Amino acid sequence: MLLRRHHHHPPSSTVIKSASCHSSPTPVPDKQPTTITTTKEDQTQKPKSSKTKTARTLARLINKQPWSPDLESSLSQFSSSLSKTTVLQSLSLIRTSPKALKFFKWSENNGFTHNDQTYYELLEILGRSRNLNAARNLLFSIEKKSGGNVKLQDKFFNSLIRSYGQAGLFQESIKVFTLMKDIGVSPSVVTFNSLLSILLRRGRTTMALKLYDEMQSSRVSPDLYTFNILIRGFCLNSMVDDGFRFFKEMSSFGIEPDVITYNTLIDGLCRDGKIKIAHNLLKGMRKKSSDLNPNVVSYTTLIRGYCEKQSISEALEVFEDMISSGMKPNRITYNTLIQGLCEAKKLDKIKEILEGMVGDGGFFPDTCTFNTLMNAHCSAGKLEEALKVFEKMSELKVQPDSASFSILIRSLCQRGEFERAEELFDEILEKDILLRDDGCVPLVAAYNPIFEYLCEKGKTEKAERVFKQLLKRGTQDPVSFKTLIMGHCKEGTFQSGFDLLVLMLRRDFVPDFETYETLIDGFLKKGESSFAHKALEKMVKSSHHPKTSIFHSILLGLVKDGCAEEAASLLMVMLERRIRQNIHVSTDVLIALFKSGIKDTAFEIVGLLYENGYSIKMEELISFLCQKRKFLEAQELLLFSLEKDQSVDIEFFSKVISGLCKVKHASEAFGLYYELTEKGSQPSLSCLGDLKIALEAEGKSNEAEFVSKKMGRRNQEH
């Protein structure tokens, strides 16, 4: 479904999580202050909202420049006026935790004595910024740093427990909880509440029950927060019966449930499909106490439950009951009901509801309302009606968001009206709709039809601009990646396609075989073998099995483009993967390596080729080396050939031996000659003459005499 819902922000007295533009169609009660960030201990730590002039000046200086001796010099003028209030307020105004930590140390070095409040404030700052190691180190250094004046208290540990929990490190929260008990700091109800909230958010219901038992055995009495946390936690973990058990247990501690408690249970029952029981519970609130009445969250949650069950008449009854009881529906209530009516295809009833709520001045349709209506009309095949709703948004100056456009663009594409769809697409680009933080999180998949159309029409760059905006909003889709990559390939902009492929892999999406093959083929046709090779490497890492012909085409391309090292690397991969070798291409790779002076790799590849049952055109390679006067390399290859009993024409031995003599490497020449004689072969007499002369010139008389005797025997034979 295209619709994604907004998060509205109701008054603090009506704690509610709006899902009215989310995948779930209606609002649900938000969690109670389960992280316990508004306890008495916290309230005592928070500086007043009106900051002192000194604190604002200090924070401004610190925020606008790096920490340095110059900055400390600028701050020194305030060292005599560092009161507790000034330090607390300055800490709260400094934007980064490293600077807050430096200011904390600087104030201490300039005569300020930190107390439990400033230590607590810094712990909170470090925790919020996920600087958890620093927070932990600070906590366990408080007593030492303060000279014993500030004792370790439960509130310090509570702060760290919450910070670890908010970072998703619930095991670390438990370790801190255990450690505080080990060193003799007794957990308070706030401590238990914080940890219970963390465990239940992670679905650790068994651990939460054990912790609750420990809480009671430690003689720490649960409070209203405790039970609201437990009830909500178990309801969210589909354990409504356990939630009810805690609800009944409240009275044994002399604790009366509040509206949040009831709303939590109503939500849990609705999620569990027990709408009638939830409705009875709402009715029972009034009987419980004259001060306890359902609020907008109570009614909205129940309306959502009925809508999800497609029980629209019951949802409308609750809506009417809400109004008759004097409760004013808010935009979440209206959007929830409208969503339910849309899904039940009761569009006429929506019109009636809308006219009624706008007429009494109680509600003005918002973006979510219009998106819901447009989606309903499109789903019913009434595109023109949806477009009229879109025009109405403009008339009423209601800001459309990504969903507003994607609903219509998708429907227009389905109808084949691509030009009208592109006009809306251009408006998205022109107005930077997708880059706005407000509104719903856009869905990439909703734009796939228009992406396909644009790529077909040679407008891939335009499609990619919107796609990149979607990525910035944190939303992605593998189908869109492929559409755009193939679009670039069609237009010949293969580098842009490759960049998208890299982005795709970074997001843990695996491009399919066709995507890789098309990119590689395009790079090779453009003579960009290096990029073809990079694409092949990524293809192999993606667990695809490229055709043998792809390897050979890239290898040949790398050789032609003079990319010797890359060619060698690819050839080795081919050997590892047991991919058939081509003797001509293998020889060309070796020639390229020797030409580039990468002889060690060349010799390694020669050895690997023969080990794997392949061979090379040795005489062609020797001939090339002789032309380039690389006689030492040629000698090593001929020795290898003799060792492997490979047939090489005697002419090449003569050429290499004579060449070695010319470049004054008589010893190497004699070594090759000697190995050749061991195999029963002899080079030409002119070659031996060159060798004898070269050996005598280098004072190697014994070797020269050996050659001379061989020459004599040859002459006698002739």
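Predicted model: local features only at pLDDT ≥ 70, side-chain atom pairs only at ≥ 80, totals over all residues.
User: Is Asp-508 buried or exposed?
Analyst: The cut-off for exposed is over 50% relative accessible area. Asp-508 has 70% relative accessibility, so Asp-508 counts as exposed.

User: What is the phi of Asp-508?
Analyst: Asp-508 is a residue other than glycine, yet its phi is positive. The value is near 65 degrees.

User: Where is Lys-664 found, and what is its phi?
Analyst: Lys-664 is found in the loop between α37 (650-662) and α38 (666-678). Lys-664 is not a glycine, but its phi is positive. That phi is about 60 degrees.

User: Is Lys-664 buried or exposed?
Analyst: Exposed needs over 50% relative accessible area. Lys-664 has 68%, so Lys-664 is exposed.

User: How many disulfides does the count come to?
Analyst: A pair of cysteine sulfur atoms must be within 2.5 Å to count. By this rule the count comes to zero disulfides. Cys-378 is in no disulfide: the nearest cysteine sulfur, in Cys-342, is 11 Å away.

User: Are Cys-378 and Cys-455 buried or exposed?
Analyst: Buried means under 20% relative accessible area. Cys-378 has 14% relative accessibility, so it counts as buried. Cys-455 has 5%, so Cys-455 also counts as buried.

Conventions:
Residues numbered from 1 in each chain as written. Heavy atoms only, no water. Buried < 20%, exposed > 50% of the residue type's maximum accessible area, 1.4 Å probe, protein only. Helix = DSSP H or I, 4+ residues; strand = E, 2+ residues; numbered from the N terminus.
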